[in-house]
Amino acid sequence: MNRDLLLRAMVDWNFWYRDRFTAVPREYSGQVLDLLGTGEAITILGVKRAGKSTIITQVAKVLVDSGVNPLNFSS
């Protein structure tokens with residue numbers, strides 16, 4: 001496969017190059033962001049459909065909006 005075609009497809013599939021609703025902001029997103037600089041592993045636990053993935057998506061959005069390369073994330 002052509003390398004340029006493959007890279008273009010990867011950019012098209014990357015979550016951060018599309019507009020996407022990231023739900024209502026959760027208070028835990030800020031807490032996770034505060035913990036990121038500690039160097040510790042962060043675990044988010046909860047029952048099914050509690051919003052764990054939404055919290056991670058919101059944290060990633062804040063990081064991308066602050067200048068983190070969106071190619072460092074996968075959807």
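From the N terminus on, the elements of the chain run α-α-α, with three helices and zero strands in the chain, where helices (H or I, at least four residues) and strands (E, at least two) are DSSP runs numbered from the N terminus. This is a predicted model, in which local features need pLDDT of at least 70 and side-chain atom pairs count only at pLDDT 80 or more, while totals for chains, interfaces and linings use all residues. Residues are numbered from 1 along each chain as its sequence is written, and side-chain values use heavy atoms, with hydrogens and water left out.

**Burial and surface**
- Of the 75 residues of the chain, 17% count as buried, a term that means under 20% relative accessible area, with exposed meaning over 50% and partly exposed in between (1.4 Å probe, protein chains only).
- The chain exposes about 6200 Å², of which carbon and sulfur atoms supply 55%, the areas coming from the Shrake-Rupley method with a 1.4 Å probe.

**Contacts**
- Among the contacts in the chain with a separation of 6 or more, 67% are accounted for by residues 24 or more positions apart, a contact being heavy atoms within 4.5 Å.

**Salt bridge**
- The count comes to one salt bridge, defined as a side-chain nitrogen of Lys or Arg within 4 Å of a carboxyl oxygen of Asp or Glu.
- Lys61 forms a salt bridge with Asp65, and the closest N and O atoms are 3.1 Å apart.
- Both Lys61 and Asp65 lie in helix 3 (residues 52–65), where they are four residues apart, about one turn of the helix.
- Lys61 counts as partly exposed at 28% relative accessibility, whereas Asp65 is exposed, with a relative accessible area of 56%.
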